[in-house]
Amino acid sequence: MEKIRNALVLVKASWRVLMLDKELLVFPVLSLTVLAALLIAAVGPLGMFSNPQAAIDTISGTLANQQEWVLLTVSFIAYFIAYFVMIFFNAAMIACVKIRFAGGDPTVMDGLRFSSGRLPQILAWALVASTVGFVLGQLEKKSKGLTRFLLGFLGSAWAVSSYFVVPVLVSEHIGPISAVKRSVAIVRKTWGESLVSVVGLSVLSGISMMLIFGVFVIAMVISDSSPYLAISLGLLAIVLGVLSGLIFSTLGSILKAALYVYAVEGKIPDQFDDNLIKGAFSSKK
């Protein structure tokens with residue numbers, strides 16, 4: 001219960017930061033918007049055909065006849081682009097959070113300028129992260145039983161090891177490989193029985209999504225008797241789901257930045273309680 005209480009207080013502290021800089025929510029919105037625009041740009045030309053479904057079937061058949069390496073290459077390029085877009089805007093958000101922690105008043109342009117200045121490092125890290133994620137994903141799809149479990153464990157280990165990479169890239173002038181080593185060193189230095197912030201946010205996010213799913217279920221149940229109300233509830237559930245995702249992803253980045261500042265600089269951001277940040281990662285004995 002103490003861990004849960006600490007997680008809730010950490011989330012409240014992150015919420016205070018978000019209330020000071022509501023524009024932080026712009027970054028995940030921009031990320032989603034850019035990804036959506038790229039998707040539309042990729043599939044949009046299909047609308048020029050008189051029969052879009054036939055065009056899709058033709059393209060699908062053509063791709064199916066290609067060698068596997070061609071399909072993998074196309075998939076990886078899409079994977080890399082998605083990674084790059086998400087990392088770019090996440091780095092911009094963390095840069096703004098660090099400005100706030102230092103007593104400044106960041107703007108969206110501050111974050112975007114910072115990410116643009118770190119473009120080579122972000123591109124390099126996106127390449128590394130997307131390659132590891134893509135390879136592990138492909139191997140896991142083709143594996144079963146114990147091998148699949150081990151690959152899943154390896155993926156989790158990679159996620160933990162690279163937890164602080166983006167804050168490191170934002171704060172330190174080093175490349176992606178050095179950033180991973182630095183992230184591992186920070187995790188080892190402050191490793192404990194649990195990552196309270198991650199677990200706490202995951203639980204709260206899960207509860208939020210369950211409640212939203214409940215609204216969606218109610219909409220389905222009453223769809224026959226009250227169709228207009230059902231449509232309204234369904235739309236409400238979708239809007240709440242998007243907002244929940246945006247808010248919790250932003251809170252996660254704020255927490256990560258706060259924990260990085262404490263782990264590396266030994267400083268506690270004013271918005272956070274000293275004991276709670278120290279308790280988020282139990283020092284390794």
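Colleague: Which cut-off on relative accessible area defines a buried residue in this predicted model?
Modeller: The model is predicted. In it, a residue with over 50% relative accessible area counts as exposed, and one in between as partly exposed. Buried is the term for a value under 20%.

Colleague: Is Gln121 buried or exposed?
Modeller: Gln121 has its place in helix H6. The relative accessible area of Gln121 is 18%. The cut-off is under 20%, so Gln121 is buried.

Colleague: With which residues is Gln121 in contact, leaving aside its neighbours within four places in sequence?
Modeller: Contact requires heavy atoms within 4.5 Å. With the neighbours within four places in sequence left aside, the residues in contact with Gln121 are Leu169 and Ile174.

Colleague: Which element gives the most to the largest nonpolar core?
Modeller: This core holds 48 residues, and Leu24, Phe27, Phe101, Trp125, Phe164, Ile254 and Phe272 have the most contacts inside it. Elements that give two or more residues to this core include helix H1 (2-20), helix H4 (68-101) and helix H11 (227-265). The most, 12 residues, comes from H4.

Colleague: From which element does the largest share of the lining of the largest pocket come?
Modeller: The largest pocket has a volume of about 1,000 Å³. Of its 35 lining residues, Asn90, Ser249, Gly252, Ser253 and Lys256 are the closest to the centre. Helix H2 (26-43), helix H7 (145-161) and helix H10 (196-221) are among the elements that give two or more residues to the lining. The largest share, eight residues, is from H11.

Colleague: How many charged residues does the lining of the largest pocket have?
Modeller: By class, 23 residues of this lining are nonpolar and 11 are polar. The number of charged residues is one.

Methods:
Residues are numbered from 1 along each chain as its sequence is written. This is a predicted model: local features need pLDDT of at least 70, side-chain atom pairs count only at pLDDT 80 or more; totals for chains, interfaces and linings use all residues. Side-chain values use heavy atoms; hydrogens and water are left out. A nonpolar core is a set of buried Ala, Val, Leu, Ile, Met, Phe, Trp, Tyr and Cys residues joined through side-chain atoms within 4.5 Å. Buried means under 20% relative accessible area, exposed over 50%, partly exposed in between (1.4 Å probe, protein chains only). Helices (H or I, at least four residues) and strands (E, at least two) are DSSP runs, numbered from the N terminus. On a 1 Å grid over the protein atoms alone, a cavity is a set of points where a 1.4 Å probe fits but cannot get out, and a pocket is an open set with protein on both sides within 12 Å along at least five of seven lines; lining residues have an atom within 4 Å of a point. Grid points are joined across faces, edges and corners, and a volume is the space filled by probe spheres set on the points. Ala, Val, Leu, Ile, Met, Phe, Trp, Tyr, Cys and Pro count as nonpolar, Asp, Glu, Lys and Arg as charged, and the others, Gly among them, as polar.
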